[in-house]
Amino acid sequence: MAAHPVVNLTGPLGSGKSWLAGRIGAATVLDLAPPDLAPLASPDLAPSGAGDAVRAALADDTRDPLVLDGVDAPAAVAAVAPVRTGARVRRPVLLVSRRPLLRHPEWTLSAIPTLTVRPWPDGHIDALAAAAQLTDPGARRLVVRLAAGNPLLAAAACRALHAGAAPDAPGAVADRMAGEIVGRLARELPDRRLRRDLPLLATVGAGDETLLRARGERFDALSALSVVTRTPLGLAVTEPFRHIVELAHQWRRPTTHRATRTRAFGYRKKLISATTDVAQRAALMEESLFLTGVTGLRETLFPAARPSATVDAASPADADDIGRMMRRWAQHGGLDPRRTDALADRWVRADIGGFRLVRDTNGQLAGFAGLFDVNARTVTDIEPLFQQHADRLLAPSAEPGGPGGLFLGVAFCPDAALHARLLRYILRQTMSRPTRLLVSTPTPQYQSLLDELRFEDHGATVDDVYRCGRRPMVFSQDFRGEALPAWLERLGSADAAGTGAESRTIGAEVAHALAHLGDHRELAKSPLLSAPRTPTTAALSRWLRDAVQELCDSADPGEAEAGWILRRYHLGPPRTHQQLATQLHLSRATYFRRLQHGLNVLAARLFAEGER
C-alpha cells in the first residue's frame, strides 16, 4: 500500500482477508457487508448509509489507511465508487472482496493492483486447531484435511467437534461446516433454493442447465456466487467448499446423493458418445472419473486442495533436474538408484521432451513424470520394463500417438494435491489424442490406483527390475474407438460394487458364507439371509454358486479373474491363496485386490434391487 494508493485484497470466503486487513496498524475499518444471518435480505442492500460513510472516511484529513471490507454485493460496490471516481485520495485504501473488483465493468480498466490471499499451510491450520483446544491428534488431522488451508473452515470444523461430532464421522463434521458456508453465502444469494442447488452442484462436479435442472435466472444467480466458477462443462463449486458441501449432502441424504451422482454419470456418458471434439471428450472423461464415487480413486485424483501449478514438457536444459528427481523417486520408493540412474540416462537421450515437469506457483520444481511415445526411437529403452509382455503390448509407431501409444514410466510428486494435478494431466493427455496408455510400476499405491481405474492388469514381469523386492506390474488401457465406452462401463460397475467400509463388511460375510457352503447350521447364522433373494440357507447356497459362475463368465477380464479365484478357492479342491496367486502369475497384493473386488461385486449384486 505504500506504493499504490488503492489496492484490492481478494480471497475466497473465510480465507482470512478481514483478519489480515485488520492487522494494518492505525487503519480505519468499514464493513460494507450485510449480516451473515440475514437469509431473506436482498443482496442489493448494504448497511444503511454505507455510501455516506465511505465518502466521510475518504474526506478525513489523515494519512492513516482506510480498509473497506465486504465489497461484494452490488450495493457495496456502488458505495465504494468515490474511491475510483472522486478527487485524488489522500489516504491509502484497501478494498477487501471475495473476488477481484476487476470483474465489475466500472473497475475493469481501473488498473487497480490485486492481491490474493493464499491458503494457510497445514501447520498453521493444525496450530489453529490446537488453539481451539482440540487435543485428539485424529481430530486435528481431520480439521487439517477438511479445511484445506481455509481458516474459517478450520474454525467451523473445531466448533463441530466441540459440539459433539465424532472425528471418525467426517460427514457429520462437514454438515456443521456446510451450514456455516451457506449462512455466509446468504448475503450473496438470499434464496432458500441455495440449500438445494449448492449440494446438487457440489455432487455433480460441473453442471450445465440440463444437469442442474436450473434454467435462466436461477442458473445465472447460482453462477454469481463467489464460491462458484465457470468451467468448460458448466458451473462448478470451487474447492475446498465443494468437498465440504458434498460430504455433508452424502451424510444427510446418502440415497439422494448416490442417485444424483449416478444420473450425472449417465449424462456424461451420453455427451461423450455424442461429441467428436477430442478436447471436450477428455474433459468429459475426467468428470466421469470424478463421478464414479470409488473412494480411493476420488481421494487420489480429486483431493479437496487444488493448488495452482504448471505442467510442461522438459527441455535439454532440464536434464540435471530430471536426474535429481529420479534420485528422489528412487529414494522414496526404495528402488535401486543405479537402475533409475540408468533409466534416466536412456530416456533423456531418447526423448527428453517426454518428461513433464511440475512447477508450483513460485516456479519451483515440485514433481515430474516420464510420459513417452512408444515409437522406434524409444521402444528399445522401454522394453526392459515389460519383459515377457513386450512383444504383445509394445507396437512401435513412427508417428507420435500412433498404435504404440504412450508409456508412463514414472510419476512422482511428494505433495498430494500437486500429485493429483499431475495424474489428471497424464490421463487427459492420453484421452485427448486419443491413444493407449501403458504402465509398468513396482509401486503398490500405483498398482491399487490402476486397479481402481479398471486398467487391464497383465501381471508382473519375470524379474525384480528395480531391485526393490517387488516385481513391476504391467497395466494398459486403450482410449480409442469402442474401447472407450467399454472402459466407462467397467468404471460404472466398479462404483456399483462399492469400495467403502459397508461394502467390505458385506464382502466379508460373503467370504464366510462361501467357506461354509456345505454347513447349513453355520449358514443359518449368516446376515445374508436378510437379502430378499436368499431367505433360506438353500437359496443362499444356490445363489452364491450361481453368482460365482456368473463372475467367471463375465466379459470383464478383472471380474472373470476374480470369479476364477473365488471358484478355485471356495468351490474347488483345497488350495492356498499363495498357490492360486502363483498359478495366475499375480503378485500377492494384486491377487488379494482381485479377490476383494469379487467379494464386493457379489455383495452389491446380492442386495441390489430386483432379481438378476
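**Before starting.** The model is predicted, so local features need pLDDT of at least 70 and side-chain atom pairs count only at pLDDT 80 or more, while totals for chains, interfaces and linings use all residues. Residues are numbered from 1 along each chain as its sequence is written, and side-chain values use heavy atoms, with hydrogens and water left out.

**Stop 1: confidence.** Colour the chain by pLDDT, the predictor's confidence in each residue, from 0 to 100. The chain averages 87, and 92% of the residues score at least 70. Select residues 37-41, where pLDDT stays under 50 and the model has 7 contacts beyond four places in sequence; contact means heavy atoms within 4.5 Å. Then select residues 497-503, where the pLDDT is below 50 and the model has 13 contacts beyond near neighbours in sequence. Where pLDDT is low, the predicted coordinates should not be read in detail.

**Stop 2: domains.** Select in turn domain 1 (6-116), domain 2 (169-302), domain 3 (311-480) and domain 4 (502-607); these bounds come from an automatic or database domain assignment. The centres of domain 1 and domain 3, taken over C-alpha atoms, are 49 Å apart.

**Stop 3: helices 9 and 12.** Helices (H or I, at least four residues) are DSSP runs numbered from the N terminus. Select helix 9 (residues 194-204) and helix 12 (residues 241-252), which pack at about 105° with axes 8 Å apart. Axes are lines fitted to C-alpha atoms, for helices over the stretch in contact, and angles run from 0 to 180 degrees between N-to-C directions. Helix 9 is therefore roughly perpendicular to helix 12 (65 to 115 degrees; under 35 is roughly parallel, over 145 roughly antiparallel, and the rest oblique). Show Leu-198, Pro-199, Ala-202 and Thr-203 of helix 9 against Arg-242, Val-245, Glu-246 and His-249 of helix 12, which make the contact.

**Stop 4: helices 21 and 28.** Select helix 21 (residues 444-452) and helix 28 (residues 588-606), whose axes lie 11 Å apart at an angle of about 30°. These two helices are therefore roughly parallel to each other. Pro-444, Gln-447, Ser-448 and Asp-451 of helix 21 meet Thr-590, Arg-593 and Arg-594 of helix 28.

**Stop 5: helices 27 and 28.** The contact joins His-577, Gln-578, Leu-580 and Ala-581 of helix 27 to Arg-588, Tyr-591, Phe-592 and Leu-595 of helix 28.
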